[in-house]
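Hi,

Here is the structure I said I would pass on. Have a look first, and my notes follow below.

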Amino acid sequence: MNAEVSQLADGKVGVVSVEGEIDFSVLPRMREVLDEAHALDPSCVLVDLTRVTFIASDGLGVLIEAHRRADEEGRKFDLVHPQPHILGMLRKTQLTKLFRVFETVEDAIAADC
Amino acid sequence: MTEPGGRQGRLAVTQKGGVHVVSFLDRKILDESNIVEIANELFDLVEKSKGIRLCLNFANVQYLSSTVLGKLITLNTRVNEDTGKLVLCTIRPQILEVFKITKLTKLFDICEDETTALSHFK
Amino acid sequence: MQDWHEIIIPSTPAGRQQAEQSIMEEVNRYGFSEEACFSIRLAMEEAVVNAIKHGNRFDRNKKVTLRYRFNGSAFILSVRDEGRGFDPETVPDPTAPENLTLPYGRGLMLMNAYMDRVEFSDAGNEVTLVKENR
């Protein structure tokens with residue numbers, strides 16, 4: 001699993017781009033990267049799931065954690081382009097009620113994410 | 001049999017034998033400035049009608065950019081997820097060329113005219 | 001040979017629209033064919049969107065500089081952003097099966113398909129497009 005953080009829109013948007021599988025073994029790295037994104041103090045954090053092929057329930061847990069923290073800090077926290085099977089999982093677990101899901105980073109920015 | 005339809009801002013929607021036929025309205029072009037609104041209207045329509053049988057008629061479309069292609073791909077994904085069906089029709093040659101170059105003719109069901117498109121829903 | 005015309009815009013949709021509109025008016029006035037106009041419009045839009053999205057990373061304060069001129073029967077446009085540039089060789093093939101359903105990534109391919117020449121500066125933050133009128 002690879003993950004990196006980038007900044008867009010003059011620092012207003014922090015994007016965490018993840019590639020590969022988010023399973024139990026990479027949770028510490030995920031938390032690290034999400035912390036990095038929060039530390040940039042953006043108005044919104046986006047997690048780009050385009051290249052994520054697998055995410056186990058504890059991976060979802062880390063995202064939920066990060067969402068709660070973002071909420072407390074007055075930030076938005078949304079997901080971008082989960083692959084169909086992962087979107088299916090988000091729907092089944094009702095997490096689409098918690099996270100907004102955008103097709104592209106551009107869409108998220110246009111919606112003032 | 002054609003049932004009465006309606007206008008939703010940028011789209012003209014009619015229903016023909018259970019198929020939603022959508023034409024692009026007051027603009028003859030699809031570009032960055034109006035694609036977000038048009039896409040939102042389409043996504044709303046699909047959201048409201050799970051399992052929709054949707055035909056997009058491109059007769060009025062003289063131009064489109066890759067952002068528009070992106071929106072159509074998203075639309076296609078959403079329609080299929082809800083076990084609906086999407087067919088595109090009446091695309092003029094210059095626009096069809098854009099679909100061909102990007103190999104999106106492999107992804108979408110594209111018909112020459114509306115009558116043929118409607119037959120694809122049977 | 002004419003001098004370059006220059007338009008500088010902020011990285012916003014309105015800026016992009018304004019620049020594209022005035023340039024297309026000139027192109028139309030110059031008498032380019034319908035096919036050439038379509039091609040120029042498409043490639044220009046893709047280049048400017050890329051400049052805003054990838055080059056300037058949606059920072060509204062950063063500028064996109066469009067320069068254009070007509071040289072005989074050719075239209076030449078350069079689009080420069082304030083980004084760190086990129087290597088066009090690293091762009092994945094949008095027609096590969098795993099990329100076909102991605103809702104982005106086709107801009108460069110369309111620029112190459114519709115323009116007679118597409119060249120990137122060494123730094124990678126400026127692209128020059130050339131279209132012959134046919």
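Which residues of chain C form one aromatic cluster? They are C:Tyr30, C:Phe32, C:Tyr68, C:Phe70 and C:Phe75. I'll come back to two of them in a moment.

Some housekeeping before that. This is a predicted model, so to speak of local features I need pLDDT of at least 70, and side-chain atom pairs count only at pLDDT 80 or more, while totals for chains, interfaces and linings use all residues. Residues are numbered from 1 along each chain as its sequence is written, chains are lettered from A and ligands numbered from 1 in the order in which they are written, and side-chain values use heavy atoms, with hydrogens and water left out.

Now the aromatics. Rings of Phe, Tyr and Trp (its six-membered ring) are paired if their centres lie within 6.5 Å; planes under 30 degrees apart are stacked, over 60 edge-to-face, and the rest tilted. Over all chains, the search of the whole structure turns up 14 aromatic pairs. B:Phe24 and B:Phe58 make an edge-to-face one, with 5.3 Å centre to centre and 65° between the planes. That pair links distant parts of the chain, 34 residues apart: B:Phe24 sits in strand 3 (residues 19–24) of chain B, and B:Phe58 in the loop between strand 4 (53–57) and helix 2 (66–81). (Helices are DSSP runs of H or I with at least four residues, strands runs of E with at least two, numbered from the N terminus.) B:Phe24 counts as buried because its relative accessibility is 3%, and B:Phe58 does too, at 1%. Buried here means under 20% relative accessible area, with exposed over 50% and partly exposed in between (1.4 Å probe, protein chains only).

C:Phe32 lies in the loop between helix 1 (13–30) and helix 2 (34–55) of chain C and C:Phe70 in strand 2 (residues 63–71), so the pair ties together parts 38 residues apart in sequence. C:Phe32 is buried at 7% relative accessible area, and C:Phe70 is buried at 2%.

Also in chain C, take a look at C:Asn125, in the loop between strand 4 (117–120) and strand 5 (126–132). With 17% relative accessibility, C:Asn125 counts as buried. Setting aside neighbours within four places in sequence, C:Asn125 is in contact (heavy atoms within 4.5 Å) with C:Val79, C:Arg80, C:Asp81, C:Gly83 and C:Gly85.

As for whole chains, chain A has four helices and five strands, in the order β-β-α-β-α-β-α-β-α. Its radius of gyration (over C-alpha atoms; the globule rule is 2.2 Å times the number of residues to the power 0.38) is 13 Å, which agrees with the value near 13 Å for a compact globule of 113 residues. The C-alpha trace of chain A spans about 30 × 25 × 25 Å along its principal axes. Of the 113 residues in chain A, 49% are buried. For contacts in chain A with a separation of 6 or more, 69% come from residues 24 or more positions apart.

Chain B has four helices and six strands, running β-β-β-α-β-α-β-α-β-α from the N terminus. In chain B, 52% of the 122 residues are buried.

Cheers
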